[in-house]
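Here's a quick briefing to read with the model open beside you. Take a look at the chain first, then work through the notes.

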Amino acid sequence: MFPTEPLRVRRPAHRRDESARVPFTARQGVGGGIAMAVTAILAAFLWFGGTFLLVATRTVSHTVGFVFISALFYVPFAIPSAFVGGTLCWRYAYSDANPARSGAFLGAITSIFGLLGGTLGAALFNPILTLAQGEMGLLEAAIAVIVRIPRGFGMALVAAGWLVIPLGLFGGWYYERTKRTA
């Protein structure tokens with residue numbers, strides 16, 4: 001009526017080379033894109049955590065709170081653009097001559113690409129919103145986007161570039177290091 005033997009759970013046998021693989025990383029450049037997207041997530045987490053602590057302990061002025069809120073518009077565009085930038089950099093600009101130096105350089109370039117993508121998202125938000133509400137014409141919205149992109153990129157460099165670019169440099173170097181030692 002009831003089985004007398006205990007149930008055996010079949011566990012799949014993992015091979016060493018397939019157990020820790022991320023999908024599609026066999027394609028040239030995608031691994032670099034994934035590494036840079038993860039680095040962008042880490043940078044966002046560290047930046048928001050540090051800024052939140054500064055605002056919560058009231059050790060800074062209210063201007064930092066404004067920067068904190070405006071940075072919320074950067075992150076959803078910065079992470080995918082870091083992935084795309086990392087994939088493009090590792091696919092087209094990678095050099096095998098010195099992998100560690102090349103990875104660090106491409107990581108720094110990718111972090112700047114992520115800041116540019118975040119700037120584009122923040123520059124598009126308010127003009128599109130006011131255009132949809134009918135408070136602004138198409139020409140005025142286009143001019144607002146064009147004016148906001150350099151201003152927003154400068155703000156991103158000042159507010160987060162000091163953290164994002166060194167983290168990108170480290171992330172690219174570390175990605176190349178793990179590729180060589182794996």
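Buried means under 20% relative accessible area, exposed means over 50%, and partly exposed is in between (1.4 Å probe, protein chains only). This is a predicted model: local features need pLDDT of at least 70, side-chain atom pairs count only at pLDDT 80 or more, and totals for chains, interfaces and linings use all residues. Residues are numbered from 1 along each chain as its sequence is written, and side-chain values use heavy atoms, with hydrogens and water left out.

**Salt bridges**
- A salt bridge here is a side-chain nitrogen of Lys or Arg within 4 Å of a carboxyl oxygen of Asp or Glu, and the count comes to 3.
- Arginine 180 pairs with aspartate 96 at 3.2 Å, N to O. That links distant parts of the chain: arginine 180 is in helix H6, and aspartate 96 is in the loop between helix H4 (75-92) and H5, 84 residues apart.
- Aspartate 96 is exposed, at 55% relative accessible area, while arginine 180 is partly exposed at 47%.
- Put together, Asp96, Glu176, Lys179 and Arg180 are linked in a network of salt bridges.

**Helix H5**
- Helices are DSSP runs (H or I, at least four residues; strands are E, at least two), numbered from the N terminus.
- The 34 residues of H5 (99-132) should span 50 Å at 1.5 Å a residue, and the end C-alpha atoms are 48 Å apart, which agrees. The expected span is 1.5 Å times one less than the number of residues.
- H5 bends by about 25° at phenylalanine 125, with proline 127 following within four residues. The bend is the angle between axes fitted to the seven residues ending there and the seven starting there.
- Just after H5, glycine 134 takes a positive phi of about 80°.

- Isoleucine 69 sits in helix H3 (residues 62-71) and is partly exposed at 46% relative accessible area.
- Arginine 58 has a positive phi of about 55° although it is not a glycine. You'll find arginine 58 in the loop between helix H2 (30-56) and H3, exposed at 75% relative accessible area.
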